[in-house]
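Okay, everyone, thanks for coming.

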Amino acid sequence: MSEAERVICRVDRANRSAPGSSDNSCVRPAENIHRPHIQQAVNQLQTFKDLINRRSATMSEKEPADSGKSCLVGKKENLIEAKRTSVTVGDRVVVVIYHQGVFYAMDQHCYHAGGSLLNGDIEEIDNRLCIVCPKHKYKISMAEGEGLYISNPKDKDQPPCWKSKGIKQRVHKVTEVDGDIYVTLSETPGWIDSDYYQSEQGRMDLKLAKELDIAKSKSS
């Protein structure tokens, strides 16, 4: 019997059995069934629910802070040599990428779960250059910030193909003036999913996740 089945059985027995009952379908005493990983799963579910609630609250912000703000981020030759550079423009953390002769800029933290895109692989998908988040392999078009996914391979009516989730990652404008590179923050109105990890609550979540990762690595 699996752990999940034993838990269900215990709950069912507690609900049905009266004193003196001869029901022996669950023979293991309740005090012996506690497992740390069950509580861990419950905690993770609650954390996920809390995250959804915080995102919903943050989405009430109609326009990101520092919209349209422009900032010098470095010399062209230095950024070309570095290929990937993390910069802060206003209060926003942005990754500047040089690839195949073109500069790109976007929010550094992936819209899905906040993974850093700084070291993400770059792939051509459906004739579009995309960066792949190292954390969960989410694919984002570098020019538009679209989230891309493959259609259901089990769908017999349509062969697998790449589809768009819409704009998920906020991208920013890069300009060059006399060898200096500037990033101008996106002025696209409304909520874009990557905005969350640029908010105060999102940064707190990233800090907490980092602390948890450090604690896990020390305990392993």
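**Salt bridges and cysteines**

So, let's start with Asp193 and Lys168, whose side chains come together in a salt bridge, at 3.4 Å from N to O. Asp193 sits in the loop between E11 and helix H4 (200-219), while Lys168 is in the loop between strand E9 (162-167) and strand E10 (171-177), so this pair ties together parts that are 25 residues apart in sequence. Lys168 has a relative accessible area of 19%, so it counts as buried, the cut-off being under 20%. Before I go on, keep in mind that this is a predicted model.

How many salt bridges does the structure hold? Nine. Another one is Lys75 with Asp180, at 2.8 Å, N to O. That pair links distant parts of the chain: Lys75 belongs to strand E1 (residues 70-75) and Asp180 to strand E11 (residues 180-184), 105 residues apart. As for accessibility, Lys75 is partly exposed at 39%, whereas Asp180 is buried at 15%.

Next up, Arg128 and Glu146, with their closest N and O atoms 2.6 Å apart. Here we've got strand E6 (residues 128-132) holding Arg128 and strand E8 (residues 146-150) holding Glu146, so the bridge ties together parts 18 residues apart in sequence. Arg128 comes out partly exposed, at 22%, and Glu146 buried, at 16%.

And then there's a network: Arg92, Asp107, Arg170 and Asp195 are linked by salt bridges.

Okay, over to the cysteines.

Where is Cys110, then? You'll find it in the loop between strand E4 (102-107) and strand E5 (121-125). Skipping neighbours within four places in sequence, Cys110 is in contact with Gly115, Leu117, Cys133, Tyr138, Ile140, Gln169 and Tyr197.

Methods
Residues numbered from 1 in each chain as written. Predicted model: local features only at pLDDT ≥ 70, side-chain atom pairs only at ≥ 80, totals over all residues. Heavy atoms only, no water. Helix = DSSP H or I, 4+ residues; strand = E, 2+ residues; numbered from the N terminus. Contact = heavy atoms within 4.5 Å. Salt bridge = Lys/Arg side-chain N within 4 Å of Asp/Glu carboxyl O. Buried < 20%, exposed > 50% of the residue type's maximum accessible area, 1.4 Å probe, protein only.
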